[in-house]
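Here is a short report on a single protein chain. Keep the sequence and the 3D view at hand while reading.

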Amino acid sequence: MADAIITLDSIDAALLRLLQQDARLTAQELADRLHLSPSQIGRRRQRLEAEGVITTYRAALSPETLGLGVQAFIQIVMATHTAENAADFVRLTLNRPEIVGAWTLTGEADYLLRIYTHDLAALNTVVQNVLLPHPAVSRVHSQIVMERVKPDAPLPVISS
């Protein structure tokens, strides 16, 4: 079931854009930028959290600084399409720290994985020793990222 769509006014939209740029901004800093009081900002922020618009706060880390020099997108085609195979494969994606994103797809592949590893040898280990031997997997297609030209961007937020 899809989440309910929330109607945002222009201040909510501006608040969300600012928080996506820097979630560390204080209520005072947000209030100064949006020309409201800190308490008004706090109430709006709490409402957006309660309504599920803001789902979490996290730090963006530098993969290169952490020694994660290889990023790859891997398409997975399942051998058979059963609920048990799907659940087992999803468990695998949840338990592998190298897999930082996983999506189900339409089209030729069933899943798309985003993986970070230290080097090509580590990526090869994940593909050869984890993904290919999995009984639910029929085919693996890897694409290694050469250059990240646009980092993950904030969501476009518009007011109603």
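This is a predicted model: local features need pLDDT of at least 70, side-chain atom pairs count only at pLDDT 80 or more; totals for chains, interfaces and linings use all residues.

Four strands make an open sheet, and their order is E2-E3-E1-E4. The pairing is antiparallel. Strand E2 (99-104) and strand E4 (137-144) form the edges. Each of these two pairs on one side only. On average, neighbouring strands in this sheet are turned by 20° against each other, direction ignored.

Strand E1 covers residues 70-78. Seven bridges join E1 to E4, and the two run antiparallel. One of the residues to look at is Ala72, whose bridge partner in E4 is Ile144.

## The helix on the sheet

Helix H4 spans residues 83-95 and packs on the sheet. H4 touches E1, E2, E4 and strand E3 (111-117). The direction of H4 makes about 20° with that of E3.

## The aromatic pair

A pair of aromatic rings is described by how far apart the centres are and by the angle of the planes. The count here comes to one aromatic pair. Its members are Phe89 and Tyr111. Their centres are 4.8 Å apart, with 45° between the planes.

Phe89 belongs to helix H4 and Tyr111 to strand E3, so the pair ties together parts that lie 22 residues apart in sequence. Are these two residues buried or exposed? Phe89 has a relative accessible area of 0%, so it is buried. Tyr111 is at 9% relative accessibility, so it counts as buried too. The cut-off for buried is under 20%.

## Arg114

Arg114 lies in strand E3. Its relative accessible area is 12%, so this arginine is buried. A polar contact of 3.4 Å links its side chain to that of Tyr116.

Which residues does Arg114 touch, leaving out those up to four places away in sequence? Among them are Gln71, Ala72 and Phe73. Glu98, Ile99, Val100, Gly101 and Trp103 are also touched. Arg148 and Asp152 are on the list as well.

## A helix with a buried face

Helix H2 runs over residues 27-34. Leu30, Ala31 and Leu34 are buried in this helix. Seen down the axis of H2, its buried residues fall within an arc of 100°, so they line one face of the helix.

What covers these buried residues includes helix H1 (10-21) and helix H3 (38-50). His35 follows H2, and its phi is positive, near 60°.

Definitions and conventions: Residues are numbered from 1 along each chain as its sequence is written. Side-chain values use heavy atoms; hydrogens and water are left out. Two strands pair if DSSP finds at least two bridges between them. Axes are lines fitted to C-alpha atoms, for helices over the stretch in contact, and angles run from 0 to 180 degrees between N-to-C directions. Contact means heavy atoms within 4.5 Å. Buried means under 20% relative accessible area, exposed over 50%, partly exposed in between (1.4 Å probe, protein chains only). A polar contact is a pair of N or O atoms within 3.5 Å; within protein, one must be able to donate a hydrogen and the other to accept it, and residues adjacent in sequence count only if both atoms are side-chain atoms. Rings of Phe, Tyr and Trp (its six-membered ring) pair if their centres lie within 6.5 Å; planes under 30 degrees apart count as stacked, over 60 as edge-to-face and the rest as tilted. The arc is that of the directions from the helix axis to the C-beta atoms.
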